[in-house]
Amino acid sequence: MTRRGRGRPPYPDILTPAEWRILDEVRTGATNAEIAIKLGISPYTVKYHVSNILGKLELRNRRQIATWQPERERLRLPQMVGARLRAFLAPLALLPKPLLGVAAGAVVTLVAIPTIVLAILLTRPEEPVNVLLTPDPSPSPAAPATATPTPTPAATPDPSPTPAPEASPTPEPTPEPTPEPTPAPPIDSTPNALGIREIRTDEAFIRIEYAPGKQITEDTGLFFLDVKTGAVEGWQHVDGLRIATSPDNRYVAVEGALHDRDEDRTFSWDPARLRREAWGDGGAVAFEILGGDGDGGPHRYVEVGPSMEQEAEFNLPFGWSIHAWRPEDGLLLSSGGVVRLETGEVLTIERPGGDLHVFPSGEGFATVLVPGGSLVAQNCNAVRYDWSAVLTSEVAFPCIGDAMEGAGVRLSPNGRWIAATTRALDPGTDPMGFPVLATLSLFNAVTGEEVVRVQGATLPPLLGSTPWLAGGDALLVDSVLGLQVVTVGSQWGRTPARTVPALWMSLAPDNPSLVGSAQTVSTLDGETRATANFEAEPSMWVGSWGSTSRELRIRRRPGGIGLASIVPSLLPAIQTPPFDDSLTAEVVVDTCLNVREEATTESEIVVCLPPERVVELVAHPTDGYLVRGPCVEDDLYGRCVWVHVLTEDGEQGWAYADFLRWSGIPLAPAPDPPAPRG
């Protein structure tokens, strides 16, 4: 028995039933989103089928799908069957005459089969038949009829050889000309009432498609890496302008033009009259009407849909900016409050200012008020509102402002938790990496209760990305051991594989295991899912996510970025309530750790501390808690930091920081370096 190959068997029609259904909907003018809702599938499934239809029918865009006539293809079918039948009968002339009668009988039966199939295909009421074959340019001559021989009674075979019949030459098949492509229907470029007009895509943008793994030689533009297939779609502006994109990756845009990737349509406008201001759900776009008198009065905005026709109009007070927009609910969150677009009513918030954070769950939003400019802990506030601008909770908590990377406050995507750097003792003097005794705390955003304290951790320096994993119940932190995961349940999560600098990492918004980097999507464990094969060095690129993890957006990273950061200096540990504010650490060496009078291996040893001995970290009268000093011979982490400690016996001195761990739940068993240390 022959085993059929794996995969779906080929469908006998040019399009599958699913593709015919999509084609019928496209002909109605429906968008991908509308088709998805009607058929109960995802917009990306619709986009996939549309792409297959374009490829199979050799069409260029949706307009050609709308004008494609399957009836033309039906007319080719009888000629196609005749041509195929002549090609099938030709080899019969080569058979010996005794076998010719048997073969001829079989032919009669076989000829009936295509006839029946032809009748069925030409009368299918539900689905059109599409056979992309071109008929012969000139009719072929009819083959001469062959009479069926009368059977002869069996006789003794003649010992003389029977001469072989002369072979009839097989007619050469007539080459089939390539069908002329159907020209795309002209675009109506008449500006609408807003002055927005449709243009050809190549008037504003250059689109380049790359098969999975194909090398990308371009080093400018915006690229979308499909996480599932590995294919890459690149976009460049004809004049080299920097391209922006909507949160859902549907639109790519520059000032004065945008392209709808779902509908394959491009629009332009006069940037002196309109300014694209905000993206909304469902393909909505908000434009500000420019050209006012500039007297400080309200600013006028219009909402348009994918067709770029005006659907609504609203005003905002002078100086307000759009932060988030919910067209389906008629609500807009601005820097001054919530606006009901239908009535123009403004719902002001009680504590304006600070960073606005919208919860993906739709429950509301929060504003976080963080004092900056200092590494001393101050009071911060997180204020939560519902979409009626009603204050639902306000909490105060200690925090260190965003004076540098590693400090600051980060609200979880679900709005339930707050991560804040609450202590950074001894910032040191190195402008690019301050060694500190760092503490990171997690607070309940509703009650303000501190639920987890992580000694020896800071917020990782993720450029423009949140350190919270999707779902908001686990956090990425930085330590002397690199990146770690901490859960709000006071547990260490799986340790991520740090294959790229943390600065260029981006956590997926809807998948807690996916990480985007320079040009690669991988799991936290380091398993590669998709890679864009750029010719330029990976360090030149940075990846970021939109509102989903279906595509990673990749562009050339900005140059000249140098971030001052605070760097933890002791091995981390998780502490749980009730918290003790004393600074205690444990010794993690094999035999003993030397405590010296000065922060150098040449200084006199005060005491050698055994493993698991607990010490208190205290400030030196003149040098503080930490100093940089010479590294010991077998330095583990390259920090070369010494910590001033006080033993249980009252002895003080300097110990090498690599072999001290904060008291609490350790991350993993400490390494076993040789003794003595320091």
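Here are legends for a few close-up views of this predicted model.

Residues are counted from 1 along each chain as its sequence is written. Since the model is predicted, local features need pLDDT of at least 70, side-chain atom pairs count only at pLDDT 80 or more, and totals for chains, interfaces and linings use all residues, while side-chain values use heavy atoms, with hydrogens and water left out.

**View 1. Glu263 and its arginine partners.** A salt bridge here is a side-chain nitrogen of Lys or Arg within 4 Å of a carboxyl oxygen of Asp or Glu, and the count by this rule is 23. One of them joins Glu263 to Arg62, at 3.5 Å from N to O. The two sit 201 residues apart: Glu263 is in the loop between strand E7 (257–260) and strand E8 (265–268), and Arg62 is in helix H4 (residues 62–67). (Helices, H or I, have at least four residues and strands, E, at least two; both are DSSP runs, numbered from the N terminus.) Glu263 also meets Arg250 in a salt bridge, this one at 3.9 Å from N to O. Arg250 lies in the loop between strand E5 (244–245) and strand E6 (251–254), so this pair ties together parts 13 residues apart in sequence. Glu263 and Arg62 are both buried, and so is Arg250; buried means under 20% relative accessible area, exposed over 50%, and partly exposed in between, using a 1.4 Å probe and protein chains only.

**View 2. Arg207 reaches Asp264.** These two form a salt bridge, with the closest N and O atoms 3.3 Å apart. Arg207 belongs to strand E2 (residues 205–210) and Asp264 to the loop between E7 and E8, 57 residues apart. Arg207 is partly exposed, at 35% relative accessible area, whereas Asp264 counts as buried at 18%.

**View 3. A four-strand open sheet.** The strands run in the order E13-E14-E15-E16, with antiparallel pairing; two strands pair if DSSP finds at least two bridges between them. E13 (322–326) and E16 (345–348) are the edge strands, each with a single partner, so one side of each has no neighbour in the sheet. For E15 (residues 337–340) and E16, 4 bridges do the joining. Look for Val339, which stands opposite Val346 in E16.

**View 4. Tyr656, tucked into strand E41.** Tyr656 is part of strand E41 (residues 652–656) and counts as buried because its relative accessibility is 0%. Its C-alpha atom is 6.3 Å from that of Val643, 13 residues away along the chain.
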